[in-house]
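Keep the viewer open as you read.

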Amino acid sequence: MTPRLPRHALLPLAAVIALALPLTAAAEPASAAGREAVTMPVGGPFGAGTAWRLDVRDAPVNDRSRGMVASVARQTAARYGGVAAFNVDQYTTSFYTVPAGQPRVDVTWTNCQSMSFTPTGLLGSGGQFSKVPVPADAVPAAGTDGQLTVYSPSTDQLWEFWQAKRVGSHWQACWGGRIDHVSRSQGRFSGTFGASASGLAISGGTIGIDEVRRGSIDHAIALSLPEMGRGTSYPASRGDGWVEGADSIPTGTRLRLPSSVDVDALDLHPVARMIALAAQKYGFIVTDTGGCTSVVAESPAAVEAATGKDPWDGLLDGTPGYSVMAGFPWKSLQALPKDYGKP
């Protein structure tokens, strides 16, 4: 996954704002009902205690933690002025929570990766792309990834698509997958399905619009790094890393901000403060390779299409995405042991 371009890149660097985040009128969508129809649920779609909502405050520390964290800090400092990206316009996902009875359609597979075969289980009866309750007016996230998440609480199912696009009356996607029994799921796709390099649900670690509106993030946060290690650590089922060495960071590695860090004493943007508090309780999960260190926020595309307003304009209070994570204490992180939390 490639990092997003800076949001409002032509604006001057905004000053770090106060720790209280006002919910201004500009932050409110035109229709609360319209917002609720499309946004990610608070806490994400996965249940308490599952991989994305595992409390890691008392977890042990990896024996290699110091070197691994030094690698994260080095990678972050070397790019974009040392500030991690807050991906909110591109390289994220649009999230649609659909009602019971939402009409279902078959999504067409576009073989953009030039596979020499049709993957088993993708199409046909029970296939990953079959009978998907995707709204006809859904809007994928902007950018080349064009990611789209569809969540059906009534059937306890979730779909994620990569390079999703509506052509005429039909939906198509290059890749993706379905998770059944979402409330009990660890947030992982079966086999090679899903829209991330790790096999993990993008939505599991995405920072939701309504979470920021509420002021609390209650799940682990997905983290992309430029240099990922070979191999995987639970909950990832696959990876795209290539770096070797004792301090390398395999896909799926959990990183935690220790409780000893006084978050209130840090000079952070209010949203970065929420991220820091979530990192103390749930941590980060390394999910993808990118051009810089980055976290993922819910795309505004769905809400903007439903209400006519971009909710992040108010929630970020004018701060550009490239400044939101300024001052985050990457050097203070701790790496957890390989496969921590594996059932």
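## Ground rules

Buried here means under 20% relative accessible area, exposed means over 50%, and partly exposed is anything in between, using a 1.4 Å probe on protein chains only. This is a predicted model, so local features need pLDDT of at least 70 and side-chain atom pairs count only at pLDDT 80 or more, while totals for chains, interfaces and linings use all residues. Residues are numbered from 1 along each chain as its sequence is written, and side-chain values use heavy atoms, with hydrogens and water left out.

## Salt bridges

A salt bridge is a side-chain nitrogen of Lys or Arg within 4 Å of a carboxyl oxygen of Asp or Glu. The structure has eight of them. Take Asp210 and Arg213, whose side chains meet at 3.6 Å, N to O. They sit three residues apart in helix H3 (residues 209-214), so about one helical turn separates them. Helices (H or I, at least four residues) and strands (E, at least two) are DSSP runs, numbered from the N terminus. Asp210 is buried at 14% relative accessibility, and Arg213 is buried too, at 10%.

Asp218 and Arg214 form another salt bridge, at 2.4 Å, N to O; Arg214 is partly exposed, with a relative accessible area of 46%. Arg273 and Asp264 pair up at 2.7 Å, N to O. Arg273 is partly exposed at 23%, and Asp264 is partly exposed at 45%. There's also a salt-bridge network linking Arg74, Arg79 and Glu227.

## Core

A nonpolar core is a set of buried Ala, Val, Leu, Ile, Met, Phe, Trp, Tyr and Cys residues joined through side-chain atoms within 4.5 Å. The largest one has 78 residues, and Phe86, Ile275 and Phe284 have the most contacts inside it. Helix H4 (residues 270-281) gives the largest share of this core, with seven residues.

## Sheet

Two strands pair if DSSP finds at least two bridges between them. Six strands build an open, mixed sheet, in the order S1-S14-S9-S13-S12-S15. Its edge strands are S1 (85-87) and S15 (334-335), each pairing on one side only. Strand S12 (residues 254-256) runs antiparallel to S15, and two bridges join them. Leu255 has Ala335 in S15 as its bridge partner.

## Pocket

On a 1 Å grid over the protein atoms alone, a pocket is an open set of points where a 1.4 Å probe fits, with protein on both sides within 12 Å along at least five of seven lines; lining residues have an atom within 4 Å of a point. The largest pocket has a volume of about 300 Å³, where volume is the space filled by probe spheres set on the points. It has 15 lining residues, and the closest to its centre are Gln113, Trp175, Ala195, Ser196 and Ala197. The lining divides into six nonpolar, six polar and three charged residues.

Tyr234 and Pro235 are joined by a cis peptide bond, with omega about 20°. Pro235 lies in the loop between S10 and S11, and Ala236 is in the loop between strand S10 (229-232) and strand S11 (250-251). Ala236 is buried at 5%, and its C-alpha is 7.4 Å from that of Arg188, 48 residues apart along the chain.

Tyr91 isn't a glycine, yet its phi is positive, about 55°. Tyr91 is buried at 10%. Ser114 also has a positive phi, near 55°, but Ser114 is exposed at 62%.

Key
Ala, Val, Leu, Ile, Met, Phe, Trp, Tyr, Cys and Pro count as nonpolar, Asp, Glu, Lys and Arg as charged, and the others, Gly among them, as polar.
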